[in-house]
Amino acid sequence: MRLFLISILFLFFGLPALAQETAEEERSYFLGFVEDQLSTPNRQIRINGIQGVLSSNALIREITIADREGVWLRIVNARIVWTRSALLLGRLDIDTLAAERIEVLRKPLPDEGMPAPEASGFQVPELPLSVNLGNLEIPLVSFDQTVFGLASELGVTGRLALADASLDTELNVTRLDGPGGQLALRAVYTNATEVLDVDLTLSEPADGIVANLLSIEGTPPVALALSGEGPLAELDLALTLDAAAE
């Protein structure tokens, strides 16, 4: 999702330069600009088959992310439905951000030559315009077994709003293969007050993703609930975890 949003932001800032180009030149300029801005020596972004770059309904056949050993993530048939006129009011309004599927082929390699990140408090990014994503729709996210030791397929839906250094989001994840399982997350946070309101629930049958990730003996059914509201410095979270063998 972050990759989609960054691409749209680059489209917004590149519009003046693109306005005087032909349709083919627009496409070439936009793709090169976005790929160059998103790529680093340790991460190469490639975008193929883009249609409607300046329209309110943009389609991208494929986005790949590669490192020194090749492609590790692939996004297929991405679609962005957004309201262009809202940009004049300082808003990025995205009705739908979707993809036919996302393939996580392996873990990415660690960046070489990058300094270790310094510990810091959580902050919502302060963007030059507000962002409202009404519907995130990814019917299939597949993980290779090498990613975290268990091949799995997930469906993801959600929404997100970023405005005035505040975050309001919901995310729903459903496991599509194996025994199934559900995760639901709702979170609201504001930089100015440092107040977080979070509610997370997870329910998985035996042999679920969480039981495998945590190496729980016998990979039993797992039910987890986490909730709390208050300043981060003194946040009191209520946590319940039930992992019982059948």
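Biologist: Which residue in strand 2 is the bridge partner of Ile45?

Modeller: This is a predicted model, where local features need pLDDT of at least 70, side-chain atom pairs count only at pLDDT 80 or more, and totals for chains, interfaces and linings use all residues. Residues are numbered from 1 along each chain as its sequence is written, and side-chain values use heavy atoms, without hydrogens and water. Strands are DSSP runs of E, at least two residues long, numbered from the N terminus. Across from Ile45, the bridge partner in strand 2 is Ile65.

Biologist: In which sense do strand 1 and strand 2 pair, parallel or antiparallel?

Modeller: Strands of a sheet pair through backbone hydrogen bonds, in one sense or the other. Pairing here requires at least two bridges found by DSSP. Strand 1 and strand 2 (residues 57–67) have seven bridges, and the sense is antiparallel.

Biologist: Which strands are the edge strands?

Modeller: The sheet is open, with 11 strands in the order 1-2-3-4-5-6-7-8-9-10-11 and mixed pairing. An edge strand pairs on one side only. That picks out strand 1 (44–51) and strand 11 (238–243).

Biologist: Is Thr169 buried or exposed?

Modeller: Thr169 lies in strand 7 (residues 166–175). Buried means under 20% relative accessible area, exposed over 50%, partly exposed in between (1.4 Å probe, protein chains only). Thr169 has 14%, so the residue is buried.

Biologist: Which residue has its backbone oxygen 2.8 Å from a polar atom of the side chain of Thr169?

Modeller: Contact means heavy atoms within 4.5 Å. Beyond four places in sequence, Thr169 touches Arg159, Leu160, Leu185, Arg186 and Ala187. The backbone oxygen at 2.8 Å belongs to Arg159.

Definitions and conventions
Helix = DSSP H or I, 4+ residues; strand = E, 2+ residues; numbered from the N terminus. Polar contact = N/O pair within 3.5 Å; in protein donor to acceptor, adjacent residues only side chain to side chain.
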